[in-house]
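Here is a short briefing on a predicted model. It covers a helix pair, a loop residue and a strand with its partners.

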Amino acid sequence: MNRRTFLQVAAAAPAVLSAEDRKLPKYRIVSHFAPAAQPGMPGPYPGHLVSVHAEQSIDVTTEKPNGTVVGEMMSRGMRALTGDADVRDAWARFITPSDIVGIKVNCSGAPGIMSTPEVVAEIARNVVAVGVKPDQIWIYERFQEQVNSVHYDRYVPQGVHIWTAETSRGSTESYDPATYVETTFFDEDDTRSNMIRLVSNRFTKIINVPNMKDHGAAGVTGCLKNIAYGSFSNVARSHSGTVTNTYSFIGTLASVEPLHSRTVLQVMDGLRGVWHGGPFSPSRKYRFYPKQMMFGTDPVAIDRLLLDVIDNKRKSEHALSVWDRSPSHVNPQAGDYENNPNVNHFVREPGHIEYAASLGLGVYDLDKIKVTKIEL
Amino acid sequence: MAALFLAVLLPTLFWDQPADTAETLRKAGIERLYVPANQVAAWKKSGLTALPFDRDKASKAAAPAVEYRMDVASATRIPWVDANGWRFARDPARSYFYDVSKGSAVLAAAEAYAYGVEAAIRAAPDDLEAFARMLKFLGAIDQPRLPVKANIGVIDDGSAAMGEVLNLLARHNLLFRVIPAPDPKYDLNIRLGAGEFSKADLADPYAFAMRIRRRLTDEKRLLRIYGSNVVLALLTGDGGQARVHLINYGAATVKGLRVRVLGSYARGKLAAFDHEKSELQDYSAQEGAPGNSTEFTIPEMGTYAVIDLTSP
């Protein structure tokens, strides 16, 4: 790999968003990695995604997914995305046998909601089918205590690594000291967010597996937030009081090399969803069951659809829109937010998805997004 | 520059229990201690070096600790650190007395040593062994003390409010010295009533300290810590050598702490208390603009670590 040094001060907000009354922090991105000729995001299918719905994909009483149906959803979705008749060919467009593959799961809501083990196992199975050895596959997440309850090891091929960056909260030894975003949000002392070392120095490809979730700060949490906040240290500092900087921080982190180039596939696991209180899900009260998965390479396009999935569900539950910015609805007391869908914890920033589009991470305009829908 | 080297003081155990406890101390590894003056005679036969110490004449140092105050609003949700560095910087020539509860004596010893003040530490009996181990560690790393490095000069009015500003500067690793009058060798001189810093501003010490930070700019800070908000630092140095003192006020081992020191140093050597095998990782030294800095990672540290930096 040709390695060069990039020291980049992020530009001010793009013109399309200049009317927003929002003060953007200055970001200094430090990375020694050059972008790929075609970065993984938005990849070969910008503005194109496949949405597969299967009524039998999950038992809503037991919340138990149907592995066979999940396998079929994935096969149909990947073939429709690529146009390949053989699912192995579809996966081979993204993964080669020599790759070291990171699978970025989301376990912040576990055990209520997480990247479903059946989905992750099916991804691993397909990656192995391409010729990748199990010990070249790493399921990764930031926090050990969130992964503990999921037991991926019971589902994935033997040899697949299940790894977390912080075995104890706040430990930073698994992050790359040379790859980071530096910024000050609230006069915090530690102004750096460092990329996970495996992401920068080991993985050659990353598959992103988010869930369909509401998020108290970002509005929703989907592809962009999972890959961004889930691959860097010290990101919770972006929220304080009623203010969150997720608007610009999520896209900025996702655009850092080599994360930007190596994240080659987005598999949105929407078997379960959370319509309020996310990213956590301590009770079933706010869970729902979209019974769908989305496949693509464009995280912005998928998240643009996710916005409507979550907001429509909230509307049907007579809850505040994710777009509501009224200060009168904001109460930073966590208990109120968790118990009342008409209270916000922060002024939500669903605009982070459009901002990410302005950084070149994908297509935001619904009129320019092509959705291939499959019903099983 | 040898004339600037200052004498180094090792902290000392203060023990007010009877002389018949000498064997307990000896077993723990304590050889030298302070006792109340009226007990010195009784300790003479113990074989230990017992010196008189009048705790009432010493300045009281707070028990160093971290408090996680969930009920106190904080802009950055950082824990509350009770530390004495600001107090020592204000009056380094005084003797200090720590009366600490179980578990804090080792931290107190590290703190007092790092700042080079004379300190008597009344330790809990359960802490004696660890305390002696810390003294042994300090003895092993001890060297002639280098001058404190700082680029913020503070003309201290002696008020409690200014004391809190000094506390916050130390808390946020904004390296300062208390000076009698403005000195152009500092990047920033803070004097109340001069320029933008008024006495009324002291009503909000946090805002005051953060304004100092912004005026200095993070780029000019002599030392930065990444990866912990309970590790406080002190920097000493002269010419081509520097010593970084890192004091971990938290109970947990800190892993992967990243340190940035302004200036390029070719080599660094780590000594970490209770982590003898720990070595600096990911060391980099950049000369000239815009970097002109040295960075390294400490894989693991407990209560105290010292990094000696040298340039050719």
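**Helix pair in chain B**

Helix α4 (residues 105-115) of chain B packs against helix α5 (residues 128-141) of chain B at an angle of about 25°, and their axes are 8 Å apart. α4(B) and α5(B) are therefore roughly parallel to each other (angles under 35 degrees count as such). This is a predicted model: local features need pLDDT of at least 70, side-chain atom pairs count only at pLDDT 80 or more, and totals for chains, interfaces and linings use all residues. Residues are numbered from 1 along each chain as its sequence is written, while chains are lettered from A and ligands numbered from 1 in the order in which they are written.

- On the α4(B) side, the contact (C-beta atoms, placed from the backbone, within 7 Å) includes Ala105(B), Ala109(B) and Tyr113(B).
- On the α5(B) side, Phe131(B), Met134(B) and Leu138(B) are among the residues involved.

**Loop residue Ala62(B)**

- Ala62(B) sits in the loop between β4 (59-61) and β5 (65-67) of chain B.
- Ala62(B) and Val100(B) are 38 residues apart in sequence, yet 8.0 Å apart in space, C-alpha to C-alpha.
- Beyond neighbours within four places in sequence, Ala62(B) is in contact with Asp82(B) and Asn84(B).

**Strand β16(A)**

- Strand β11 (residues 205-208) of chain A pairs with β16(A) in the parallel sense over three bridges (pairing needs at least two DSSP bridges).
- Ile207(A) has Leu265(A) in β16(A) as its bridge partner.
- Strand β18 (residues 292-296) of chain A pairs with β16(A) in the antiparallel sense over five bridges.
- Met268(A) stands opposite Met294(A) in β18(A).

Notes: Axes are lines fitted to C-alpha atoms, for helices over the stretch in contact, and angles run from 0 to 180 degrees between N-to-C directions. Helices (H or I, at least four residues) and strands (E, at least two) are DSSP runs, numbered from the N terminus. Angles under 35 degrees count as roughly parallel, over 145 as roughly antiparallel, 65 to 115 as roughly perpendicular and the rest as oblique. Two residues are in contact if their C-beta atoms, placed from the backbone, lie within 7 Å.
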